[in-house]
Amino acid sequence: MKTPKTNILLCDDDVNLTTVLVDYLHEHGYGVITAADGEEALLKVAAGQTDICLLNVNMTKVNGFEVLETIRKTNNQLPVIMVMPNGAQEDIIQAYKLGCDDYLVKPLSVELLICKVEAVLRRCKPVFNSQEMVFDLGGKHFDALHQTFDGRHIAARENDLLLMLCQNMNTLVDRHLILRTLWQMDNHFAVRSLCVYINHLRHLLQGTGLQIFAVHGKGYKLINSKS
C-alpha cells in the first residue's frame, strides 16, 4: 500500500456514512483518522497527525461549531470543511465566522467531497521558498516538498516546522517568527501548541544524532550533536 499523501480527520457519528467515506477516501490515496464525537475530534486534532478535517456540525458531546471554535484558538492553519445537515444560511455564516475553509451539505456527494478537499488543500498549502527542500538527517530522508520523513507521511505543521529548522541548521530560529509564520498568531495557546509539535519532532529525530535545543523565551535550534 502506498504512503497516504494526506491524512484526513473524519469527524462524524454516523457509523454507516463513516465506513463508506473511509473506503472511498482510501481508494483515492488518503489516510483517514476517525472521530465519533466532538471530544474525540479535539483529542485527534491535538495529536498533530491531521492535514485536513471534515467536521460534522451535529456531533455529540461537543458539537461541530464548538469543536471548530476550540481548534481555532490554538490552530489557525489546519484546514476545516464543515459538514452541514442542511444548507441553512445562518449555519453557513456561523461556520465561516468561526474559521472554516469550506462546507458540504448532506446527503454528501463523494465526488464533490474529493473536489472540495483538493481545492482547500491547494489554497492552504504554504508557499515554500527556494531553499533546499530535501535533507539527509542522520541517515533518515526528509522530503519537505512531498511531506515525508523516513519514507512515511507526516502532518503538514510538523513538516513545515521541521523545514524551518533544517533550513536554519545550527542557527537559532526565533519563536515569534515560527508562530507568526506557521500559526498566524502569537499567544499562550499557540505557544503551547508549538511545544507539542517540538516534542513530536524530537521523537522523530531520535537516533539521527540531531537534537532540537530550546533557548528559553527566544526560540529553537536544530544541531548535530555528533559533529
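When I say contact, I mean heavy atoms within 4.5 Å, and helices (H or I, at least four residues) and strands (E, at least two) are DSSP runs numbered from the N terminus. The model is predicted, so that local features need pLDDT of at least 70 and side-chain atom pairs count only at pLDDT 80 or more, while totals for chains, interfaces and linings use all residues. Residues are numbered from 1 along each chain as its sequence is written, and side-chain values use heavy atoms, with hydrogens and water left out.

Let me start with the sheet. Four strands, in the order β6-β7-β8-β9, form an open sheet with antiparallel pairing, where two strands pair if DSSP finds at least two bridges between them. Its edges are β6 (134-137) and β9 (152-153), each of which pairs on one side only. Between β7 (residues 140-143) and β8 (residues 148-149) there are two bridges, and D143 stands opposite T148 of β8.

Across β6, β7 and β8 lies helix α6 (residues 156-166), which runs at about 105° to β7; axes here are lines fitted to C-alpha atoms, for helices over the stretch in contact, and angles run from 0 to 180 degrees between N-to-C directions.

What does α6 pack against at an angle of about 80°? The partner is helix α8 (residues 188-204), with the two axes 10 Å apart, and α6 and α8 are therefore roughly perpendicular to each other, a term that covers 65 to 115 degrees. On the α6 side the contact is made by R157, E158, L161, L162 and L165, and on the α8 side by S193, L194, Y197, I198, H200 and L201.

One of these residues, S193 in α8, is buried, with a relative accessible area of 13%, where buried means under 20% (1.4 Å probe, protein chains only). Leaving aside residues up to four places away in sequence, S193 touches T74, R157 and W183.

Of its 31 residues, L137, F142, I178 and W183 touch the most other members. At least two residues each come from β6, α6, α7 (175-183), α8, β11 (210-215) and β12 (219-224), and α8 gives the most, with seven. As for L137, its contacts, again without residues up to four places away in sequence, include F142, F149, L162 and L210.

Note on methods
Parallel < 35°, antiparallel > 145°, perpendicular 65-115°, else oblique. Core = buried A, V, L, I, M, F, W, Y, C linked by side-chain atoms within 4.5 Å. Buried < 20%, exposed > 50% of the residue type's maximum accessible area, 1.4 Å probe, protein only.
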